[in-house]
Amino acid sequence: MSTPSLLILAGDGIGPEVMDEVKKVMAWFDDKRGLKFDISEDLVGGAAYDAHGTPLTDETMAKAQEVDAVLLGAVGGPKYDELDFSVKPERGLLRLRKEMDLFANLRPAQCFDALADFSSLKKELVSGLDIMIVRELTSGSYFGEPRGIFEENGERVGINTQRYTTSEIDRVARAAFELARKRDNRLCSVEKANVMESGILWREVVTKIGAEDYPDVELSHMYADNCAMQLVRTPKQFDVIVTDNLFGDILSDCAAMLTGSLGMLPSASLGVPMANGMPKAMYEPVHGSAPDIAGQGKANPSATILSFAMALRYSYGQGAEADRLEAAVEKVLADGTRTADLMQKGDGTPATTSEMGDAILKALTASL
Ligand code: NAD
């Protein structure tokens, strides 16, 4: 079997700093667990624009299509704010998602016990929280036609179109049902079938797949507005949530903040299976390039390290090693090592980015 491949696109701001810590983790898995990766690195976002005048070259795009998984840091920063829309750093990211056809965006919202105090909700509501939001990522109102700003009856009108085909709903629903089976076997499908035809179709398709192919998974349906309310009222009622691009964008951010810090949140974007049976995939932290702390050794590398854990699980078939890595991060937090984003005034001296990475390596070694 060939060595599994990984393309690292560290990007801008804190991207390269946090990625350095993931590289240490990869070296640890190579050294201690015999997990070798064929790693290549390239530029994306502002870094690619500076070098090549584009946020993603065709060569990098082609490489991303070939590898088993892409691990991305973050893109963007104030230096690039005035660039034309077509070459903004974020365009590089959107091109990757679109051309790799990464239709299922997995956003876990997991509250580590040691961080329950950081949530905006009461500790008992979030302690032990473990939700997975599956957001459809390549269709819906961010892509539907017609779109644009037009003149009509003497005034301007802005138009976006919420559009879903049965096959688009089908594939993301199946991804969510499969995930539910590996977790607590519960799936909540979210739309607004009460006011939107796309929601009616969504509900019909999900219900049919559930009845025909996943009768063992407990399926429920919820309107998106109610789901937003339930997420802040009793978030632990959910296991897997599947929803469209627009509602998923909002609900996943809402769920994410239940868990405390942006510095802890990983994500995976998955596409169709490749020849090896694993999905096309890109993994990235939820946070951005954090220009306010870039270059200062203050960034929390956990979100990117946990994104690599998702890669171990979903792209490399190494679920047990993914569990080991997640447990190591949890142990470090429980032992009290914290970067500045996980501390409050008077809590003492925060760990630097590389100290946090080293503590995770130590916890990994202790797990052997
Ligand atoms: P951000 O996520 O970069 O930062 C928001 C706040 O969270 C900042 O105070 C930052 O210091 C803090 N933070 C973020 N990640 C952290 C970490 N790992 N450790 C400690 N603290 C962390 O969001 P923003 O400030 O709105 O955006 C900054 C730039 O990033 C913009 O150019 C934006 O377009 C871009 N962005 C990129 C992505 C991406 O690459 N996927 C996502 C969001 C924003």
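Helix axes here are lines fitted to C-alpha atoms over the stretch in contact, and angles run from 0 to 180 degrees between N-to-C directions. Keep in mind that this is a predicted model.

**Helix α10 and its partners**

With that in hand, look at helix α10 (residues 302-314) and helix α11 (residues 319-335): they pack at an angle of about 165 degrees, and their axes are 7 Å apart. Angles over 145 degrees count as roughly antiparallel, so α10 and α11 are roughly antiparallel to each other. The crossing of α10 past α11 is left-handed. On the α10 side, the contact is made by Ser-302, Ile-305, Leu-306, Phe-308, Ala-309, Leu-312 and Arg-313. They meet Gly-319, Glu-321, Ala-322, Asp-323, Leu-325, Glu-326 and Val-329 in α11. Sorted by class, the contact of α10 with α11 has eight nonpolar, two polar and four charged residues.

Helix α10 also packs against helix α1 (residues 15-33), this time at an angle of about 40 degrees with the axes 9 Å apart. That angle makes α1 oblique to α10, and the crossing of the pair is right-handed. From α1 come Val-18, Met-19, Glu-21, Val-22, Val-25, Met-26 and Phe-29, which meet Thr-304, Ile-305, Phe-308 and Leu-312 in α10. The class count for the contact of α1 with α10 is nine nonpolar, one polar and one charged. Ile-305, Phe-308 and Leu-312 of α10 turn up in both contacts, with α11 and with α1.

**Around the ligand**

Now for the ligand. There are 21 residues around it, and Glu-90, Gly-288, Ala-290, Asp-292 and Asn-300 come nearest. The table gives distances from an oxygen atom of the ligand to an N or O atom for some of these residues, including Glu-90.

| Residue | Part of the residue | Distance to a ligand oxygen atom |
|---|---|---|
| Glu-90 | side chain | 2.6 Å |
| Ala-290 | backbone | 2.8 Å |
| Asp-292 | side chain | 2.8 Å |

**Backbone details to check**

Two spots in the backbone deserve a look. A cis peptide bond joins Glu-145 and Pro-146, with omega at about 0 degrees. Pro-146 sits in strand β6 (residues 144-152). The other spot is Asn-153, in the loop between β6 and β7 (155-161). Phi of Asn-153 is near 50 degrees, a positive value in a residue that isn't glycine.

Note on methods: Residues are numbered from 1 along each chain as its sequence is written. This is a predicted model: local features need pLDDT of at least 70, side-chain atom pairs count only at pLDDT 80 or more; totals for chains, interfaces and linings use all residues. Side-chain values use heavy atoms; hydrogens and water are left out. Helices (H or I, at least four residues) and strands (E, at least two) are DSSP runs, numbered from the N terminus. Angles under 35 degrees count as roughly parallel, over 145 as roughly antiparallel, 65 to 115 as roughly perpendicular and the rest as oblique. A crossing is left-handed if the near helix is turned anticlockwise from the far one by less than a right angle, and right-handed if clockwise. Contact means heavy atoms within 4.5 Å. Ala, Val, Leu, Ile, Met, Phe, Trp, Tyr, Cys and Pro count as nonpolar, Asp, Glu, Lys and Arg as charged, and the others, Gly among them, as polar. A residue is near a molecule or strand if one of its heavy atoms lies within 4 Å of it. A polar contact is a pair of N or O atoms within 3.5 Å; within protein, one must be able to donate a hydrogen and the other to accept it, and residues adjacent in sequence count only if both atoms are side-chain atoms.
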